[in-house]
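Please look over the model below alongside these notes.

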Amino acid sequence: MVAVADRLRRAQHVCCLIGAGISAESGIPTFRGPDGFWAGRSAFDLATPEAFARDPETVWRFCLWRRSQLVTKRPNAGHHALVAIERLVPQFTLVTQNVDGLHRAAGSANILELHGNLMVDRCTACALETQAATDGGFETIPICPECRAMMRPGVVWFGEMLSLDAIQKADAAARSCQAMLVVGTSSVVHPAAGLAEMARLHGAFTVEINPEETPLSRIMNMCIRMPAGEALPAIVEAMNSSDRG
Ligand code: OAD
């Protein structure tokens with residue numbers, strides 16, 4: 001941890017690329033693997049523009065079910081440690097693939113939500129975004145308060161483009177950071193996974209925090225095979241110690 005803390009301390013800009021693994025310790029299942037969200041479900045029927053065009057009600061019901069799961073979930077030690085790191089370095093960019101909003105709840109400030117936010121509704125016509133109601137379901141599919149078109153969940157589905165603004169900012173952060181932490185992601189979904197390769201190509205010190213190996217492990221400078229909720233607080237502790245020392 002001391003070596004990582006030292007690199008973070010010396011960096012002008014730290015970028016963190018985050019995946020579902022960080023929220024596993026808050027009780028939110030990851031996507032892949034036997035207990036993952038997609039086990040026994042078809043992403044094609046629940047999380048694609050085609051599915052929504054065919055059967056918006058089913059896609060909305062799936063979204064409402066995921067929202068109902070989130071209501072009781074709280075940020076964990078890993079999320080809080082990222083807030084602490086942000087406060088200890090001159091420039092910090094948190095690029096997350098997670099749609100659960102737990103980084104914001106923890107207090108992270110500079111967040112890029114690459115895959116959107118599950119608690120946001122977005123108009124299919126005018127793109128107006130509204131905060132989703134947290135009181136559970138609805139009788140009929142929500143309608144845009146401005147233009148009366150159908151609303152959709154504010155997440156990125158398979159086969160859709162990411163927000164150009166978010167991916168451009170994430171790309172710029174990956175190119176300019178001196179250190180990148182890649183936390184809790186299987187690194188198989190692009191373009192997010194490509195950001196770690198980009199950071200490495202541009203000379204950043206890259207660290208993977210994940211109990212499991214990933215396709216990107218071999219290009220990392222260092223791999224910490226621990227849960228995020230243990231590794232990240234230990235890094236913060238080491239950063240604070242080096243400060244005192
Ligand atoms: P995955 O489910 O693909 O991967 C989760 C990763 O977290 C795995 O590599 C686990 O080993 C790791 N992990 C599990 N517990 C952990 C812990 N306590 N600490 C650290 N790591 C842990 O999730 P993502 O990589 O985030 O996209 O998936 C990427 C995208 O695919 C998601 O954003 C979602 C999904 O389909 C969309 O919905 C568009």
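**Notes on the model**

1. Ser 23 sits in helix 2 (residues 21-24); helices are DSSP runs of H or I with at least four residues, strands are E runs of at least two, and both are numbered from the N terminus. The model is predicted: local features need pLDDT of at least 70, side-chain atom pairs count only at pLDDT 80 or more, and totals for chains, interfaces and linings use all residues. Residues are numbered from 1 along each chain as its sequence is written, and side-chain values use heavy atoms, with hydrogens and water left out.

2. Is Ser 23 buried or exposed? Ser 23 counts as buried because its relative accessibility is 1% (buried is under 20% relative accessible area, exposed over 50%, partly exposed in between; 1.4 Å probe, protein chains only). Beyond neighbours within four places in sequence, Ser 23 contacts Ile 28, Asn 76, His 79, Asn 98, Asp 100 and Leu 102 (contact: heavy atoms within 4.5 Å).

3. Helix 5 spans residues 56-70. Its buried residues include Trp 60, Phe 62 and Leu 64. The buried residues of helix 5 pack against helix 3 (43-46), helix 4 (49-54), strand 4 (116-123) and strand 6 (151-155).

4. The ligand is surrounded by 23 residues (a heavy atom within 4 Å). Phe 31, Arg 32, Thr 185, Ser 186 and Asn 210 are the closest.

5. For a backbone N or O atom of Gln 97, the distance to a ligand oxygen is 3.2 Å.

Key. A polar contact is a pair of N or O atoms within 3.5 Å; within protein, one must be able to donate a hydrogen and the other to accept it, and residues adjacent in sequence count only if both atoms are side-chain atoms. The expected span of a helix is 1.5 Å times one less than its number of residues.
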